[in-house]
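Open the structure in your viewer and keep the selection tool at hand. This tour moves from one selection to the next and says what is there.

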Amino acid sequence: MESCPSIKNILLLDSEGKRVAVKYYSDDWPTNSAKEAFEKAVFIKTQKTNARTEAEIAMFENNIVVYKFVQDLHFFVTGGEDENELILASVLQGFFDAVGILLRSNVEKKEALENLDLILLCLDEIIDGGIILEMDANVIAGKVASHSIDSGAPLSEQTISQALATAREHLARSLLK
């Protein structure tokens with residue numbers, strides 16, 4: 001029986017294996033301590049690998065884990081043992097590139113924590129309930145940026161697309177009244 005590819009979790013950990021941003025979409029880890037134990041075990045298993053230039057793939061506890069490191073951040077995407085590694089790698093690359101766009105290529109822990117809201121929105125745009133919604137980094141970053149627009153800012157300080165989004169929002173509000 002064919003099914004839609006699904007993701008069990010996406011993890012963004014620091015260089016010590018501590019959480020920066022994580023989302024779980026599976027009940028495989030029912031408690032917070034089980035989740036933290038999984039994160040620690042995955043980090044320990046992968047920390048000695050060289051996943052800085054391209055993504056690496058590992059089997060871990062009957063799951064496929066695709067991961068990539070940059071600076072002091074470690075990106076992980078986990079799927080079931082029957083998932084397609086290329087799809088998992090595409091999700092990882094989309095997340096990785098979208099974070100790079102949103103953080104203006106300054107991908108490091110301090111910047112990630114300062115923009116945690118954007119990273120969490122990014123996760124929400126990529127996956128919903130384990131189902132992959134989007135993998136294109138530019139589309140993901142564009143949607144996240146449109147969520148974080150300050151519609152109260154004067155039009156002169158908004159880009160054309162932001163101004164159009166604001167105008168569309170005002171028009172929709174006026175039509176719904």
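Begin by selecting β1 (9-14), β2 (19-24), β3 (56-60), β4 (63-70) and β5 (73-80), which are among what covers the buried residues of helix α1; here helices (H or I, at least four residues) and strands (E, at least two) are DSSP runs, numbered from the N terminus. This is a predicted model, in which local features need pLDDT of at least 70 and side-chain atom pairs count only at pLDDT 80 or more, while totals for chains, interfaces and linings use all residues. Residues are numbered from 1 along each chain as its sequence is written, and side-chain values use heavy atoms, with hydrogens and water left out.

Next, select α1 itself, residues 32-46, whose 15 residues reach 21 Å from the first C-alpha to the last. Which residues of α1 are buried? They are Phe38, Glu39, Val42, Phe43 and Thr46, where buried means under 20% relative accessible area and exposed over 50%, with partly exposed in between (1.4 Å probe, protein chains only). These residues cover an arc of only 130° around the axis, so they lie on the same side of α1; the arc is that of the directions from the helix axis to the C-beta atoms. Turn to the other side of α1, and you will find Ser33 and Lys40 exposed.

Now select Asn9, which is found in strand β1 and counts as buried because its relative accessibility is 0%. Its side chain makes a polar contact with the side chain of Thr78, at 2.7 Å; such a contact is a pair of N or O atoms within 3.5 Å, and within protein one must be able to donate a hydrogen and the other to accept it, while residues adjacent in sequence count only if both atoms are side-chain atoms. Leaving out residues up to four places away in sequence, Asn9 touches (heavy atoms within 4.5 Å) several residues, including Trp29 and Phe38.

For the last stop, select Ile7, Ile10, Phe75, Phe95 and Cys122, the residues with the most contacts inside the largest nonpolar core, which has 34 residues. A nonpolar core is a set of buried Ala, Val, Leu, Ile, Met, Phe, Trp, Tyr and Cys residues joined through side-chain atoms within 4.5 Å. Helix α2 gives the most to this core, with eight residues. Apart from this core lies another, of 15 residues, among them Val22, Tyr24, Trp29 and Phe69.

Note on methods:
The expected span of a helix is 1.5 Å times one less than its number of residues.
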